Amino acid sequence: MKRFFYSFLALLCMISTLHFPSISASSTYYVSSSGSDSASGSESNPFKTINYAHQMAKDDDTIIILDEGIVLDETNNDAPFIIDKRLTFQGKYQNASMVVRAGGILLGADVTFKDMTIGTAGFLRPGIAANGHHLTLNN
């Protein structure tokens with residue numbers, strides 16, 4: 001009986017050290033030049049700026065740009081737009097673009113850009129710094 005008890009206890013200890021992945025649904029947010037950052041972020045009620053969509057997003061979410069998505073830092077245009085979550089930025093239509101009005105893009109996580117163009121609006125450092133993370137560009 002003691003042997004069974006200790007075997008059972010050892011089995012419980014082994015099971016408790018296993019990591020079970022949490023299952024969480026990813027979300028999709030939409031951005032449009034005609035949207036509003038007080039909107040819900042749905043396709044029919046999109047956000048206006050990519051900044052706000054990024055703020056609302058969690059790891060593994062997707063941000064879909066319907067036409068032109070703006071990255072704007074009104075407080076400091078020299079500061080980079082820091083993407084610190086695993087996200088996918090995707091254009092929905094052929095003319096989808098991300099216009100960066102900040103000091104470039106700095107990755108703090110793995111990021112994918114799909115089916116869109118990325119442009120800058122004349123500020124310093126118009127680039128993307130992967131900073132040791134994976135940057136995927138698909139077109």
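I'll start with an open sheet of three strands, paired in parallel in the order E3-E6-E9. At its edges are strand E3 (68–72) and strand E9 (117–120), each of which pairs on one side only. From one strand to the next, the twist averages 20°. For the angles, axes are lines fitted to C-alpha atoms, and values run from 0 to 180 degrees between N-to-C directions.

Some background. This is a predicted model, in which local features need pLDDT of at least 70 and side-chain atom pairs count only at pLDDT 80 or more, while totals for chains, interfaces and linings use all residues. Residues are numbered from 1 along each chain as its sequence is written, and side-chain values use heavy atoms, leaving out hydrogens and water. Strands (E, at least two residues) and helices (H or I, at least four) are DSSP runs numbered from the N terminus. Two strands pair if DSSP finds at least two bridges between them.

Back to the sheet. Strand E6 (residues 97–101) runs parallel to E9, and four bridges join them. Val-99 has Gly-119 as its bridge partner in E9.

Next, strand E5. Five bridges join E5 to E2, and the two run parallel. E5 also pairs with E8 in the parallel sense, over four bridges. Four of the five residues of E5 are buried, where buried means under 20% relative accessible area, exposed over 50%, and partly exposed in between (1.4 Å probe, protein chains only).

Now the core. A nonpolar core is a set of buried Ala, Val, Leu, Ile, Met, Phe, Trp, Tyr and Cys residues joined through side-chain atoms within 4.5 Å. The largest one here has 22 residues, and among those with the most contacts inside it are Ile-83, Phe-89 and Phe-113. Elements giving two or more residues to this core include helix H2 (50–56), strand E4 (81–83) and strand E5 (87–91). Leaving aside neighbours within four places in sequence, Ile-83 is in contact (heavy atoms within 4.5 Å) with residues including His-54, Phe-89, Ile-105 and Phe-113.

Last, Asp-61, which sits in strand E2. Is Asp-61 buried or exposed? Asp-61 counts as buried because its relative accessibility is 1%. A polar atom of the Asp-61 side chain lies 2.7 Å from the backbone nitrogen of Ser-27. Not counting residues up to four places away in sequence, Asp-61 touches Ser-26, Ser-27, Tyr-29, Arg-86, Leu-87 and Thr-88.

Definitions and conventions. A polar contact is a pair of N or O atoms within 3.5 Å; within protein, one must be able to donate a hydrogen and the other to accept it, and residues adjacent in sequence count only if both atoms are side-chain atoms.
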